[in-house]
Amino acid sequence: SFGSPHHSVFTCQRRRFHPALSQRQQQVFADARYTRYLDLNSVVPDYIKAQEYFKKWDYRMVVAHLGPMVDFLFSDHESSVTAPCTRAQFQASVSRMLCISYFKLEEYDKCVQCCDRLIQEEANFKKLNMLDELFNALNSAMIQKGKVLSEREDYVKAARYFNFIMESRIIKRLNNSKSKSPEFIAESMALCQEIYIADGRNRLSQGECQHALDIFENALAWNEEDAQTHTLIGITKLLLGRESEGYEDIARGLSLNDGNPYVLCDTWVGEAVYLMEVKKDFERAYQLSQQALDLLPDYFDALGIRLLILFRQGNYEMVAKEGKRISDKNPSKFADIFPTFCDAMIRLHRYQEAIELADRLNESFPTIHKWMSHMIRVAIDCAQGKSREVLNYIDKISNAEFHEKIEYLALECYLKLEEYD
């Protein structure tokens, strides 16, 4: 089924350029975007290789093989020379694998773009009477878009999006038709579990540990042998103070894991958070974060937690060095590490560099992080004992953007200036 990345029924013979092609086709093929593929037969070898890499969780290689294919599959030229149904099957399967891969690689803009492009084809799938066959591939891509919303801290919208996919699409379609194949039902159940896991993570990111635990436990109803669900239940129990039960669930999850490196790293990072926040065991937490990075060097959750551990240990020089390395290598993550990175600069009395970081944040995210840019200037002036300058910066921040910490600093400054009223 094209609902999964394991489908391959096409021949793998690559066709060569033929002089009898129409003038229009020759013009299209002259474009650099399409010289790699002439027809769907020429797509198949890269598609099959991508499937194998997908099964091995090697998402970079999936993107390397499928990324150049997308423009061809969705091009006007391709639709004029290929059977519409075959084209639709490839569009759905390739887009699904790419959406998942882009999300795992934390390339969120590309993930959303890929999903939106596939969503636009849903009406065409219906017209071709293929929506049932391709429906779950489409839903899988949409789930990745919901995960991106959660990663970008739009938690309410993410929760609504997950609920929409579950209730209005998957469950509704299962209930409205009794002719679904066992394969379609199995795929739908797997997607339901994925939504529960994503929604539970969304709640966990907001600190709603008990709510997240309830959701993760409900996810087991769809597959009791899922490794990731068990490890997430274990991490959540740790955060709720149920240590013995938590480690039992983690052990259960790891015993079920079939070698997926993301499940391992996710577990180690979750345990590192628990050790850092609850146990204050920074050394062991650092070891676990490093263990995750040894397996997946670019895994941002591990990079972020390791940076925070270094900060909690008072190793500000290392935070400054690592913060620069991370933000230079992956500018899209700059906002995520900014508070820790910039705070380390202030504690090192590198005030001008902290101001430059704040300005960089404000330029990149002027609406979202404007208050944080002012906050840094407030913190710097406070560190230098400039109470009047602190109050001047606070005046620039509207009441809607006021932050509890800034109010506390303002009170402190008024006391120092003996302006008691």
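This is a predicted model: local features need pLDDT of at least 70, side-chain atom pairs count only at pLDDT 80 or more; totals for chains, interfaces and linings use all residues.

Reader: What makes the contact of Arg60 and Asp298 a salt bridge?

Author: A salt bridge requires a side-chain nitrogen of Lys or Arg within 4 Å of a carboxyl oxygen of Asp or Glu. The side chains of Arg60 and Asp298 meet at 3.3 Å, N to O, and the pair is a salt bridge. Arg60 lies in helix H3 (residues 59-73) and Asp298 in the loop between helix H15 (282-295) and H16, so the pair ties together parts that are 238 residues apart in sequence. Helices here are DSSP runs (H or I, at least four residues), numbered from the N terminus. A search of the whole structure finds 26 salt bridges.

Reader: Why are Arg60 and Asp298 called partly exposed?

Author: Buried means under 20% relative accessible area, exposed means over 50%, and partly exposed is in between (1.4 Å probe, protein chains only). Arg60 has a relative accessible area of 44%, and therefore counts as partly exposed. Asp298, with 35%, is likewise partly exposed.

Reader: What is the separation of the C-alpha atoms of Arg60 and Leu98?

Author: Their C-alpha atoms are separated by 9.9 Å, and the two residues are 38 residues apart along the chain.

Reader: Which parts does the salt bridge of Lys279 and Glu243 tie together?

Author: The side chains of Lys279 and Glu243 meet in a salt bridge at 3.2 Å, N to O. Lys279 lies in helix H14 (residues 261-279) and Glu243 in helix H13 (residues 243-256), so the pair ties together parts that are 36 residues apart in sequence. Lys279 is partly exposed at 46% relative accessible area, and Glu243 is partly exposed at 31%.

Reader: Which residues are linked in a network of salt bridges?

Author: Lys237, Arg242, Glu245 and Asp249 are linked in such a network. Lys237 is also one of the buried residues of H12.

Reader: Why is helix H12 described as largely enclosed?

Author: Eleven of the 13 residues of H12 are buried, so the helix is largely enclosed by the rest of the structure. Among them are His230, Leu232, Ile233 and Gly234.

Reader: How does the reach of H12 compare with the expected span?

Author: The expected span is 1.5 Å times one less than the number of residues. Helix H12 (residues 227-239) reaches 19 Å from its first C-alpha to its last, close to the 18 Å expected.

Reader: What is noted about phi of Asn129?

Author: Asn129 has a positive phi of about 60° although it is not a glycine. Asn129 is found in the loop between helix H7 (122-127) and helix H8 (131-151). At a relative accessible area of 72%, Asn129 is exposed. Lys280 has a positive phi near 60° and is a residue other than glycine. Lys280 lies in the loop between H14 and H15 and, at 48%, is partly exposed.

Reader: What makes Glu151, Glu153, Asp301 and Asp336 a patch of negative charge?

Author: Asp and Glu count as negative. Such patches are made of residues with over 30% relative accessible area and no salt bridge, like charges being joined within 9 Å. Glu151, Glu153, Asp301 and Asp336 gather in a patch of this kind on the surface. Asp301, in helix H16 (residues 300-312), is partly exposed at 31% relative accessibility.

Definitions and conventions. Residues are numbered from 1 along each chain as its sequence is written. Side-chain values use heavy atoms; hydrogens and water are left out. Patches are made of residues with over 30% relative accessible area and no salt bridge: like charges are joined within 9 Å, nonpolar side chains (Val, Leu, Ile, Met, Phe, Trp, Tyr) within 5 Å. Accessible areas come from the Shrake-Rupley method with a 1.4 Å probe; for residues, only the protein chains shown count as cover. The place of a charge is taken as NZ of Lys, CZ of Arg, CG of Asp or CD of Glu. Helices (H or I, at least four residues) and strands (E, at least two) are DSSP runs, numbered from the N terminus.
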